[in-house]
Amino acid sequence: MPEEYLVAQELHKSFNEQKAVDGVSFTIYRGEIFGLLGPNGAGKTTAIRMMSTVLEPDRGDVIIGGHSVRREADAVRSQIGVCPQELALYEDLSALDNLVFFGRMAGMSGKEARAQAMARLELMGLSERAKGKVDKFSGGMKRRVNLAVGLMGHPEMLFLDEPTVGVDPQSRNNIYETIEGLRDGGMTILYTTHYMEEADRLCDRVAIMDGGKIIALDTPYELRSQIGEPERVTLEDVFLKLTGRSLRD
Amino acid sequence: MRQLRQIAFIALKDLKRFSRDRPALLAFILFPFLFVAVFYFMFEGVGSEDDRLAFHLATREGAGGMSHQIITAMETRDPSQLQPGEPEIVWLKDYAEARRQVEDGELGGFLVFPEDFTEGIMMGYGARLEVVADAEATNTRMALYGLAQAIATQVGAQQVVTNTTVALLVEQGLATGEMPDIGQAIMGPVSAQSGASTVPPLIQYETEKVGEVKAEQPSNFVILGYLVMFVFFAAAQSASLIVRERQNHTLERLLASSVARESILGGMFIGTAVKGLLQIVIFWTVGLLIFKMDMGLSPTAVVLLSILMTIMSAAFGLMLATLVKTERAAGSIGTLAALILAPLGGCWWPLFILPKWMQSLAKITPHGWANTGFNKLMLFGADFGDVIPEMLALVVFAVIFGIIATWRFRTSAA
């Protein structure tokens, strides 16, 4: 029986009376890559922000590693790493400076932060550019630094919000391999993406959100099976069938 | 303890970013000094030199005439002994040469006693003093007219006394009516030299001293005005950086990294304040070493006032960042606020030369309080206790800005 690591319970969040997340509940097991898919405005990022303690839910709660994001935010923060959709970096500092800074913010000593920063940059294939200023990096390199920062500290769970947007195939492949390696090392990962083949390749289970609700949740194989022969249909077919073909803002 | 460390790391990170931002360094350090240098040299001739007023006198009378006695009594013998504001009186012995100097534009003008000055006074038909002045030397001409009028009034008053005395003596049979001789006997001591005689001089100049009149270093008000303006401007501009951090989600990332909201706020405040402190250290060092600034009677008060100005400015920058949504709005409003508050608060010109209503208006700006404090300390010889109101006012501004910033601070752009 897999161990429950993250349990979202009836999460609700509204902005100006517009429901962004409307009663979302799901469970992520330890060591799993859980995909959260959905069209623009489906509520994925709002859900991630609530789960990563940045945004307080209007109602409901999330339990991560046995701690409530509402009541024990600090305990939750010490267990998670976040890689936001935006490049949340200090572009006028070097890649190494960025990683060391966030490492120290996570409570590491200077020596430890520096050693881990170099290890993370090595993992992302950036050790030779460690001292280069981030604003001189390509889009793919910045994405990899963004992911490396999320790994600073000793997170047991990683939130990855569209980490491969605007990334060249080489960098994307590096990110995939890194994520698979982290999973193999026992890390729990929540992953959002618009690329269905990415979710199909990486995710153990996938939840599809639309209109702030979860409309489907299963393994990619089972989801494909729901609309046809799993070997012949893609996750994108499932996605379009469930969320429709109308354009979203 | 962990929070304090996080505050320090955030502040250090901001300083590191600042140190690597060459345009920002130029804008916040070099640019202010270019301003200061330009305005220092512009103001160098204003107030720094004692342009002493000089009156030139001449007489066409022969030796022994009363005009000789009057001029001798008035003439400045040792200009170094003159008090601030006291004019120098110069006796031009050669009338023709003096006239040539005026015609050649070498001299603005002079006052001439006529050939019959003594006779005219003694005989009672009067004497006409003449002002010889360059047509364009309006101020010199007006000053000489004033001097001529003063001499005429004094001599006229003495003559009335003399005539009345002579008339009484004649009436009582004590004199024969040889008026010129008697008059000369009475007028003589009156017009004797002031230094050599116990009798007061004929013309007296009285200088009323209001405070210590002293030639001022222009740096004492130029640098401080710009110090106040640029420290505030730099802090206001830091609001843009804070908004950028909110927009690119680094603040959210910090929050998700176990950094408390208060630590983020504190770190950004300290970072901005330290940048301001670096600015004032450089300003003061250059001001003291290059521009020969005088810190007045209480350097401690000057330093404390500078620090409070920096703290207030940092609090303003933080508050501005919490009140605007975009980086562009922060930059525009920060610049606008700095440029409006600077002249209102006396950064561009000394407040004490402004009309009362503008001095009152300055009180609504923190700049006004800071500049008033600096002016008191460095121009008017105030000590620590005299500027406590200005220090308290800056503290009040800082607290108000800080409360608003804390209340409004958010890590997310949403």
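Trainee: What makes both faces of S8(A) count as covered?

Mentor: Look at each side in turn. Thr188(A), Leu190(A) and Thr192(A) lie on one side, and all are buried. Ile189(A) and Tyr191(A) lie on the other, and they are buried as well. Keep in mind that this is a predicted model.

Trainee: Why do the side chains of a regular strand fall into two sets?

Mentor: Because side chains in a regular strand alternate between the two faces of the sheet.

Trainee: Why is strand S8 of chain A called mostly covered?

Mentor: Count the residues. The strand spans residues 188-192, and five of its five residues are buried. Buried here means under 20% relative accessible area.

Trainee: What joins S7 of chain A to S8(A)?

Mentor: Five bridges, and the strands run parallel. S7 covers residues 157-161. Leu160(A) stands opposite Tyr191(A) of S8(A). From S7(A) the chain crosses through helix H6, residues 169-184, to S8(A). That β-α-β crossover is right-handed.

Trainee: On to the rings. How many aromatic pairs does the structure hold?

Mentor: Eleven, over all chains.

Trainee: Why is the pair of Phe26(A) and Phe34(A) called stacked?

Mentor: Check the distance, then the angle. The centres are 4.9 Å apart, and the limit is 6.5 Å. The planes meet at 10°, and stacked requires under 30 degrees. So the pair is stacked. Both Phe26(A) and Phe34(A) are buried.

Trainee: What makes Phe101(A) and Phe102(A) edge-to-face?

Mentor: Their centres lie 5.3 Å apart, with the planes at 70°. Edge-to-face asks for over 60 degrees, so the label holds. Phe101(A) and Phe102(A) are both buried.

Trainee: How do you know that the charged end of Arg253(B) sits over the ring of Phe102(A)?

Mentor: It lies 5.7 Å from the ring centre. The distance cut-off is 6 Å, with an angle limit of 35 degrees from the ring normal. Lys363(B) lies likewise over the face of Trp369(B), at 4.5 Å from the ring centre.

Trainee: Why does Pro39(A) count as buried?

Mentor: Its relative accessibility is 9%, and the cut-off is under 20%. So Pro39(A) is buried. This proline is found in the loop between S3 and helix H1 of chain A. Gly211(A) is 172 residues away in sequence, yet 9.0 Å away in space, C-alpha to C-alpha.

Definitions and conventions
Residues are numbered from 1 along each chain as its sequence is written. Chains are lettered from A and ligands numbered from 1 in the order in which they are written. This is a predicted model: local features need pLDDT of at least 70, side-chain atom pairs count only at pLDDT 80 or more; totals for chains, interfaces and linings use all residues. Side-chain values use heavy atoms; hydrogens and water are left out. Buried means under 20% relative accessible area, exposed over 50%, partly exposed in between (1.4 Å probe, protein chains only). Helices (H or I, at least four residues) and strands (E, at least two) are DSSP runs, numbered from the N terminus. Two strands pair if DSSP finds at least two bridges between them. A crossover is right-handed if, with the strands pointing away from the viewer, the path from the first strand over the helix to the second runs clockwise. Rings of Phe, Tyr and Trp (its six-membered ring) pair if their centres lie within 6.5 Å; planes under 30 degrees apart count as stacked, over 60 as edge-to-face and the rest as tilted.
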